[in-house]
Amino acid sequence: MSPEIFFRGSLMWVYCLYLIGILGLSLGTIWGLFFVPPEKFQGDSFRIMFIHVPAAHLSQIIYIGIAVAGVVYIVWRTKMADVFMAAAAPVGLITTGLALLSGIVWGKPTWGTWWVWDARTISVLILFFLFFGQIALRQAVSRPERAAFAVSVLAIVGAINIPIIKYSVEWFTTLHQPASITLTRESAISMVFLIPLLINIASFYIYIAGVVLAGMRTLVLRRHKHTSWVQAWTGSS
Amino acid sequence: MRAEKLPNSLITAHEIYYETSGRELFSGLNATVRSGELVEVYGPNGSGKTTLLRILAGLHRPDSGQVIRHANSTGFLSHRVGLARLLTVRENIRWSIALSRAHFAEARVLSVLKQFELTSCAQSLVRDLSAGQVKRSALAALVLSDHQLWLLDEPSGSLDAEGEELLCQTVSSHCQAGGAAIVATHTSIALTANRRIDLGST
Amino acid sequence: MKVFLATLRRDLLVAIRTGSETLNPLVFLVLVGVIFALVLGNDHAARELTGIPVVWTTALFANMLALEGLFRREQDEGTLATILVANESALPATVAKLIAHWLLTGLPISVLAPLIGLGFGLSFETLGILSGTLLIGTPILTLVGAIGAALVVGLGRGGVLLTLLVLPLFVPVLLLGIGTCQQFQFNAEYIPPLLGLLAILSGAITAIPISIAPILRFSQDQ
């Protein structure tokens, strides 16, 4: 796809994604915070779930997306794949940060401790560092093509590592602390909680897709600043 | 578009386009070098001589276009001469020969060392040599590696007049023997080039 | 094979001549290990419990320290470019470099680490397993680390960046290595994590050596 067609065609999408995402997030969050009854064991603190679960979910999806884009870039040298990686990495850093922070805040009232070393928390923490590595490596390399390649390699190696990390951490932590703590009582989640949660997860996806797309548009504009169509566009509007 | 192979061509560059930090360095650059040819790449600092040589060596990737190397083997010499500072001249030469899968012949090594006036310092570490001696050692290693195509980036740097003459002789005898060389310079040395690529002062 | 042997010999020779630079990671390992043992005082229970994690983690950091020098000298001297321009020789030469690097860091670390373990009052059997897991683990560190080192070669300020990129990837090796030793120490099932470690090693050996030269070639472009 040519950058120009992408740039012109994507504006409508950004608006739509933003609109649906923000509406959905407002609906799910208000529903979750005000209209769902308190949970039997956790009281009101469980409501953090409506932020925490979508953020944690999305972090992994964004990383998988970056790794797929990495493969696409290395195999076909698709420039848009690189643009996606560049736009998605900071967003991923923020969502993992959000997942970690909300997890910490949730952990204190629920388990009496800010941080529990278990497979999921460690995976998200490592994901945070992988996103950070993506950004740091890209900034360190001056030539865009080389940066794109380096970041792709890193993304792929990281993606291969995630299941290994999960497996090893799970094994290691069950060894050290017999499964007295589990993060979510999945069986305990009733439909009352599930519907607003699903709405929030879906809207979060849509909203973040809009953010990444908007970021890609900015990058396309910056990378093609010397071309005539960009100059025409910036001049006319 | 496909670059066609010409008879005897050792390297073909086809429609090379390359830009650095938004600045176009080459656009639509075509070149073919056949065996026996000596090509001089000429231009002031910043005109892209080094970049062009690195593209031809396969160390840089052009943004578009392609480089096809038909030569059996390519030798590349830049300001980073490619000698380990903690090895002796001899050890370096030995390794270069092994790397290029050339044949190691003691008599030939000795005669080349003598030709480059390195006999006395063959056993000393590269770290302890003067800049000119280092350059001579690098040239000796290049000669002994039996590469078909030579890519030389500013080979005359830190050589004295005598060394420069030696360099010119070496390059032209290499080309006469069926090899080819692409040499980048900003000063004119007494090379009898068949052709010249002038990168001008863009 | 000729290229491989010549490069291996050359790298070992250079390492011997650099002397202290090759020994630095090992000295670091001993120093940090000793300091930890010192800080823990004479609390035997605490030492026995922390001995394995401390020694393994220190060994990992020592490996990390050495990693930056894997390609940097060759990049500065221009020999890396020579290797990469010589197309067919690039693979055997890079493999030789990786093996030489392991022989100079991973292997001595695996031999030295148990000696530090002695200071923590670990039993001889446990020290044996410690050494064994390091012998399996350090090649993985060298291989995975080589990808990182190849990505940052020529970037100048590569050191901290390399640590940042590679350390998250080292976590599984660390956990499985420590896990194997501890399971053995406490008479529990230690075979599964050991197999996990071996599986990672075989995966790394299959995939990584062939990809280093292309990554290095790309890293020249800047």
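Trainee: What is the bridge partner of B:Val39 in strand 8 of chain B?

Mentor: The partner of B:Val39 is B:Arg195. Before going on, note that this is a predicted model, in which local features need pLDDT of at least 70 and side-chain atom pairs count only at pLDDT 80 or more, while totals for chains, interfaces and linings use all residues. Residues are numbered from 1 along each chain as its sequence is written, chains are lettered from A and ligands numbered from 1 in the order in which they are written, and side-chain values use heavy atoms, with hydrogens and water left out.

Trainee: Why do strand 5 and strand 8 of chain B count as edges of their sheet?

Mentor: The open sheet has 5 strands in the order 5-6-7-3-8, with parallel pairing. Strand 5 (74–77) and strand 8 (195–198) each have a single partner strand, so one side of each is left without a neighbour in the sheet. On average, neighbouring strands are turned by 15° against each other, direction ignored.

Trainee: What makes the pairing of strand 1 with strand 2 of chain B antiparallel, and how many bridges join them?

Mentor: Strand 1 (residues 9–20) and strand 2 run antiparallel and are joined by 8 bridges, with B:Thr12 facing B:Thr32 of strand 2 as its bridge partner. They belong to an open sheet of 3 strands in chain B, ordered 2-1-4 and antiparallel in its pairing. Its edges are strand 2 (23–34) and strand 4 (64–69), each pairing on one side only.

Trainee: At what angle does helix 4 of chain B run to strand 5 of chain B?

Mentor: Helix 4 (residues 131–144) lies across strand 5 and strand 6 (149–153) of chain B and runs at about 175° to strand 5. Axes are lines fitted to C-alpha atoms, for helices over the stretch in contact (heavy atoms within 4.5 Å), and angles run from 0 to 180 degrees between N-to-C directions.

Trainee: Why is the pair B:Asp63 and A:Arg143 called a salt bridge?

Mentor: The closest N and O atoms of B:Asp63 and A:Arg143 are 3.2 Å apart. A salt bridge requires a side-chain nitrogen of Lys or Arg within 4 Å of a carboxyl oxygen of Asp or Glu, so a value of 3.2 Å qualifies. The count between chain B and chain A is 1 salt bridge. Within chain B, B:Glu154 and B:Lys49 also form a salt bridge, at 4.0 Å from N to O; B:Glu154 sits in the loop between strand 6 and helix 5, and B:Lys49 in helix 1 (residues 49–57), 105 residues apart.

Trainee: How many residues of chain B are in contact with chain A?

Mentor: There are 6 residues of chain B in contact with 4 residues of chain A. The two chains bury about 350 Å² between them, 27% of it on carbon and sulfur atoms, where buried area is the accessible area (1.4 Å probe) that two parts lose on being put together, summed over both.

Trainee: How many helices and strands does chain A have?

Mentor: Chain A has 7 helices and 0 strands.

How values were computed:
Two strands pair if DSSP finds at least two bridges between them. Helices (H or I, at least four residues) and strands (E, at least two) are DSSP runs, numbered from the N terminus.
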